[in-house]
Amino acid sequence: MKVQVCIIGGGPSGLLLSQLLHLQGIDTIVLEKYSRDHVLARIRAGVLEHGFAKLMREAQCGERMDREGEIHHGFHIAHDGRLDRVDLHRHSGGNSVIVYGQTEVTRDLYEARDRLGGNVVHNAEDVTLHDIASDAPYVTYRAGDEVVRIDCEYVVGADGFHGVSRRSIPNDVLREYEKVYPFGWLGVLSRTRPVSPELIYVKHARGFALCSLRSQVLSRYYIQVPLTDKPEDWSDDAFWAELKRRLPDEVAGRLITGPSIEKSIAPLRSFVAEPMRYGRLFLAGDAAHIVPPTGARGLNSAASDIYYLYHALIDHYRKGDDKGLDGYSERALARVWKAQRFSWWMTTLLHRFPDRLPYDDQLQQTEMAYLLSSETAMRLLVENYVGLPF
Ligand code: APR
Ligand code: PHB
């Protein structure tokens, strides 16, 4: 089989790119290791910046997001027993974010691919990249006993942090930057009314917490926990009690609790792989970079890669212009590092760090006081949270 672009990974990055390219008449195949049900069972952050939302609409996938997603003009920061509001609308000159679960984004993308008859292969085992440094790359995968070969012009590695694509770049070319935080987030999803219609990020001496939501009847809460904790260590009661301890009294008093319908621990990690292009292979999304979830930059960082790659491939196929492809890695990485900076800053501002110097605690307090007293500092936060331009 022969296609123009072979995309590895059927997460949001791979699906969005294949949908956008299909609409431009560029032929793709998506190879996904797992079943659709498995991919749609993953629960991830749910805040979309306007640039990502625009790309979803351009891909003709924005209808349900616009109907069911909630537009948020602000969020809150709880600290020292009080609650301060961050006004996204005011400090960004009219921008906002959309609260809409990433699982729903992925579901909409799959449905769009189905509608157009897009080629998405599930349960593609042993995906292997070949000759990516040549002009004739190809990819093989196994379906049962059969090995299938896909000849292509370009390979896009959108197979997430644990995928094979990044590992196909030779060791003497690939540079990796990593920071692992000494804690994780324990997340609970519950069919309860959210404690606040807007998100609350909580800085507390016992550790960070976050009150988020998927809709007005579905809540998502997180608390910072040591990496040694397991979800089984936390009964629902213990989770709610700890969350309440970290919330200002007035908020804790109106928290509605209920049985958890999902409970998991996510470690916090920052990671960047450079370059994002090697020969005919282009990396996109989590395959090349990971951020801690504070600030919800993960999906939004993937979106800028897809935007650059999509336009670069159109220029190549329409005009024979390869400037976009040649400049992809540098351009994508410039924005990736800005998302890394912001996620690190927000993580550092809000979490409790074990074994930290009292000096660092004083700086953290000062950072918070400065943020809440300075229009300029607030504008920096908001500009990054609603999304830097692509
Ligand atoms: N072969 C084929 N597919 C693979 C392989 C492989 N060897 N390894 C992983 N995959 C698939 C995964 O099963 C997954 O469905 O690639 C997909 C990658 O999807 P994600 O991990 O969701 O990454 P991405 O699409 O870049 O999404 C961006 O935004 O909020 C963040 O981390 C969050 O997933 C999110 C990301
Ligand atoms: C979530 O709703 O899961 C969520 C929201 C905001 C974040 C992280 C996670 O910063």
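Start by selecting Arg 42 and ligand 1: a polar side-chain atom of Arg 42 lies 2.8 Å from an oxygen atom of ligand 1. That is a polar contact, meaning a pair of N or O atoms within 3.5 Å; within protein, one must be able to donate a hydrogen and the other to accept it, and residues adjacent in sequence count only if both atoms are side-chain atoms. Before moving on, please note that this is a predicted model, in which local features need pLDDT of at least 70 and side-chain atom pairs count only at pLDDT 80 or more, while totals for chains, interfaces and linings use all residues. Residues are numbered from 1 along each chain as its sequence is written, chains are lettered from A and ligands numbered from 1 in the order in which they are written, and side-chain values use heavy atoms, with hydrogens and water left out.

**Stop 1: ligand 1**

Next, show the whole shell. Of the 25 residues around ligand 1, Ser 13, Glu 32, Arg 42, Arg 44 and Asp 286 come nearest; a residue is near if one of its heavy atoms lies within 4 Å. The shell divides into 10 nonpolar, nine polar and six charged residues. In this scheme Ala, Val, Leu, Ile, Met, Phe, Trp, Tyr, Cys and Pro are nonpolar, Asp, Glu, Lys and Arg are charged, and the others, Gly among them, are polar.

Color helix H9 too: three residues, the largest share of the shell around ligand 1, come from H9. Helices (H or I, at least four residues) and strands (E, at least two) are DSSP runs, numbered from the N terminus.

**Stop 2: ligand 2**

Center on ligand 2 and select Ser 212, which has a polar side-chain atom 2.6 Å from an oxygen atom of the ligand. Arg 214 brings a side-chain N or O atom to 2.7 Å from an oxygen atom of ligand 2. At Ala 296, a backbone N or O atom lies 3.3 Å from an oxygen atom of ligand 2. How much of the accessible area of ligand 2 does the protein cover? The protein covers 100% of the 280 Å² that ligand 2 has on its own.

Among the 14 residues around this ligand, Tyr 201, Ser 212, Arg 214, Tyr 222 and Pro 293 come nearest. The shell holds nine nonpolar, three polar and two charged residues. Highlight strand S14 (209–215) and strand S15 (218–225), each of which supplies at least two residues of that shell; S14 gives the largest share, three residues.

**Stop 3**

Select 47–49, 70–72 and 97–99. They form an open sheet in the order S3-S7-S4, with antiparallel pairing. Strands S3 and S4 are the edges, each pairing on one side only. Two strands pair if DSSP finds at least two bridges between them, and three bridges join S3 to S7. Zoom in on Leu 48 to find Ile 98 of S7 opposite.

**Last stop: the whole chain**

Zoom out to see 12 helices and 19 strands. The C-alpha atoms fill a box of roughly 60 × 40 × 40 Å, taken along the principal axes.

Definitions and conventions. Accessible areas come from the Shrake-Rupley method with a 1.4 Å probe; for residues, only the protein chains shown count as cover.
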